[in-house]
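Biologist: I would like to learn how to read salt bridges and helix packing in a model. Please start with the general idea each time.

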Amino acid sequence: MDTIATLTEEHTMLRTHITAVREAAERGSDEDLRKALSDAAGMFGSALDGHIAVEDNDLFPQIADYADRSIVEPFVEDHREIEKVRDAVYRQVPEVTPALRSQCLTLCSLIQDHNDREEQMLFPMARNMLG
């Protein structure tokens, strides 16, 4: 199994939900945002937790063994921030407030920026190092 290919595929699935939540938070009704968050709950919940676990417990330690721990530390820190914001978002639902909308946008940006950095920098480096 190609771990990096699987992780990249999961990023693609996340992107669909990121777009839907972002659009609902920016322009949608309260019901639109509730629905987008409900639809994303599986991907933003257990699927994201599993994705993060593979990276934190498998891929990142392998990269650190070949390079330096400092390369992966920012990505691990991202994971903790993503989990913190995600949990705050889902604690507030079903009540939709301006604060929730703002946190949804923060969550979407955190996940998307993190995934983009992984795909542009970390994953290519990992492929070169790990073969």
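Modeller: A salt bridge here is a side-chain nitrogen of Lys or Arg within 4 Å of a carboxyl oxygen of Asp or Glu. The model is predicted, so local features need pLDDT of at least 70 and side-chain atom pairs count only at pLDDT 80 or more, while totals for chains, interfaces and linings use all residues. Residues are numbered from 1 along each chain as its sequence is written, and side-chain values use heavy atoms, with hydrogens and water left out.

Biologist: How many salt bridges does the count come to by this rule?

Modeller: The count is 12. One of them pairs Arg127 with Asp2, with 3.1 Å between the closest N and O atoms.

Biologist: Which parts does the pair Arg127 and Asp2 tie together?

Modeller: Helices are DSSP runs of H or I with at least four residues, numbered from the N terminus. Arg127 lies in helix α4 (residues 98-130) and Asp2 in the segment before α1 (3-27), so the bridge links parts 125 residues apart in sequence.

Biologist: What does Arg117 pair with?

Modeller: Arg117 forms a salt bridge with Asp78, the closest N and O atoms being 2.5 Å apart. Arg117 is in helix α4 and Asp78 in helix α3, so this pair connects parts 39 residues apart in sequence. Arg117 has a relative accessible area of 34%, which is partly exposed.

Biologist: Where do Glu81 and Lys84 lie?

Modeller: Both are in helix α3, 3 residues apart, which means a separation of about one helical turn. Glu81 is partly exposed at 32%, whereas Lys84 is exposed at 52%. Elsewhere, salt bridges that share partners join Asp49, Arg86 and Asp87 into one network.

Biologist: At what angle do α2 and α3 pack?

Modeller: Axes are lines fitted to C-alpha atoms, for helices over the stretch in contact, and angles run from 0 to 180 degrees between N-to-C directions. Helix α2 (residues 30-66) and helix α3 (residues 69-92) pack at about 160°, with axes 11 Å apart. Angles under 35 degrees count as roughly parallel, over 145 as roughly antiparallel, 65 to 115 as roughly perpendicular and the rest as oblique; α2 is therefore roughly antiparallel to α3.

Terms used: Helices (H or I, at least four residues) and strands (E, at least two) are DSSP runs, numbered from the N terminus. Buried means under 20% relative accessible area, exposed over 50%, partly exposed in between (1.4 Å probe, protein chains only).
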